[in-house]
Amino acid sequence: RYSLTPKVLELGFAYLSTLKLPEIAQPYLEKLRDETGASCHLSILDGQEVVYVGSAPVRGVSAVNVNIGLRLPAHAVANGKVQLAYQPQEKLNQILFGSNLKPYTERTQTDYMDFGQELAMIRQIGYAITKGEFHHGIQSVAAPVFERTGKVMAAINLVATEATFNQDFIEKIAVPKVLETSEILSGFMGYHTKVN
């Protein structure tokens with residue numbers, strides 16, 4: 001005879017948490033947008049692409065907006081790189097195997113060895129920054145959202161034009177605010193950072 005064990009609940013919780021994350025995240029995306037003046041997005045990794053599941057766009061000429069459901073190549077955007085960086089090596093190999101690290105601008109990373117090193121660095125520092133790798137003049141900062149077991153389940157990112165994002169702004173405002181928001185959202189998903 002077969003019976004369900006509590007293990008099956010983990011599958012259910014993992015699925016439910018991905019459904020409710022966009023709702024939970026929305027006010028935080030809006031707050032992040034209001035504090036930084038940059039568009040803020042929530043995305044999940046699906047194979048070699050990121051899929052946008054939440055968005056708080058800025059209005060105006062310098063706006064960089066995406067629609068919910070939009071898919072972009074993970075290797076060329078900050079929110080994709082940060083999610084790839086936290087994949088187990090075997091899964092990462094599966095994702096990248098046979099994938100073409102297609103160049104979108106001259107800054108897109110297309111070398112597998114260099115890309116692997118970049119992902120290792122992202123994992124070490126806890127966030128990703130891209131500058132003109134998918135679109136000229138567009139920069140982004142992204143951080144991971146973890147679920148209860150410590151697996152990456154999504155990413156939040158700020159995106160703006162190079163005119164809006166100078167280096168000082170990225171280091172002093174964008175990175176700390178994105179990390180703070182990703183930590184709050186990870187907490188809602190049941191993930192708690194271990195204190196040494």
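What share of the contacts in the chain with a separation of 6 or more comes from residues 24 or more positions apart? I found that such residues account for 61% of them, a contact being heavy atoms within 4.5 Å.

I noted that this is a predicted model, in which local features need pLDDT of at least 70 and side-chain atom pairs count only at pLDDT 80 or more, while totals for chains, interfaces and linings use all residues. Residues are numbered from 1 along each chain as its sequence is written, and side-chain values use heavy atoms, with hydrogens and water left out.

I looked up the secondary structure next and found five helices and six strands, taken as DSSP runs numbered from the N terminus (helices H or I, at least four residues; strands E, at least two). Along the sequence they follow the pattern α-β-β-β-α-α-α-β-β-β-α.

I then checked burial (under 20% relative accessible area, 1.4 Å probe, protein chains only), and 44% of the 196 residues in the chain are buried. In helix H2 (residues 78-85) eight of the eight residues are buried, so this helix is largely enclosed by the rest of the structure; among them are Asn-79, Lys-81 and Gln-83.

Last I turned to helix H5 (residues 167-188), whose 22 residues reach 31 Å from first C-alpha to last. H5 bends by about 35° at Ala-174, with Pro-176 following within four residues, the bend being the angle between axes fitted to the seven residues ending there and the seven starting there. Ala-174 is also one of the buried residues of H5. Just after H5, I noted a positive phi of about 95° at Gly-190.

Technical notes: Buried < 20%, exposed > 50% of the residue type's maximum accessible area, 1.4 Å probe, protein only. Expected span 1.5 Å × (residues − 1).
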